[in-house]
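Dear colleague,

Please find the structure we spoke about just below, with the notes on it following after. I would be glad if you could read the two side by side.

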Amino acid sequence: MNQILSTLLAGNFDNVGKILESFLNQWWGPLLGVLAAAAAILGVAAGLKYILASQSGDEQKLKQAKNFAVGIFVGIIIVFLVAALVPVIVASFQSWFDNDAQEFMSLIVNSAI
């Protein structure tokens, strides 16, 4: 039983960082492009909603349109902050997998046995 546990936990982590890096290299640019296009569409929609609400003169609609625009702006900031942090996190994981993962797994295996 201990042999099986140690075999499962002490796997080869050399490819995990390469897989994550490959994902970023292949899909991250197009994903950010799609997010930017969605942000632009939502920004235009918020602008139109605000313009129509201001023309109607209804204060409630104007307040809702303003809250919609602020919500979209905050959402865009959060999405692009996450987009900036993901490569840093992946690089940290890759460094950890390359250097420390095998030592960490051996500690887990030794404590489990």
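Leu81 lies in helix α3, which covers residues 59-99; helices here are DSSP runs of H or I with at least four residues, strands are runs of E with at least two, and both are numbered from the N terminus. Leu81 counts as exposed because its relative accessible area is 52%, given that buried means under 20%, exposed means over 50% and partly exposed lies in between, with a 1.4 Å probe and protein chains only.

Before going further, please bear in mind that this is a predicted model, in which local features need pLDDT of at least 70 and side-chain atom pairs count only at pLDDT 80 or more, while totals for chains, interfaces and linings use all residues. Residues are numbered from 1 along each chain as its sequence is written, and side-chain values use heavy atoms, with hydrogens and water left out.

Leu81 also belongs to a nonpolar surface patch of about 630 Å², together with Val70, Phe73, Val74, Ile77, Ile78 and Val82. Such a patch is made of residues with over 30% relative accessible area and no salt bridge, where nonpolar side chains (Val, Leu, Ile, Met, Phe, Trp, Tyr) are joined within 5 Å and like charges within 9 Å; a salt bridge is a side-chain nitrogen of Lys or Arg within 4 Å of a carboxyl oxygen of Asp or Glu. The areas come from the Shrake-Rupley method with a 1.4 Å probe, and for residues only the protein chains shown count as cover.

As for the chain in general, there are four helices and zero strands, and buried residues make up 15% of its 113 residues. The chain exposes about 8,100 Å², of which carbon and sulfur atoms supply 69%.

Turning to helix α2, Leu35 is placed there and counts as partly exposed because its relative accessibility is 31%. Leaving aside residues up to four places away in sequence, Leu35 touches Val79 and Phe80, a contact being heavy atoms within 4.5 Å. The C-alpha atoms of Leu35 and Phe80 are separated by 8.7 Å, although the two residues are 45 apart along the chain.

Ala45 is likewise found in helix α2, which spans residues 14-56, and its C-alpha atom is 8.8 Å from that of Ala69, 24 residues away along the chain.

Finally, the charged end of Lys49 sits over the ring of Phe68, 4.6 Å from its centre; this requires NZ of Lys or CZ of Arg within 6 Å of the ring centre and within 35 degrees of the ring normal.
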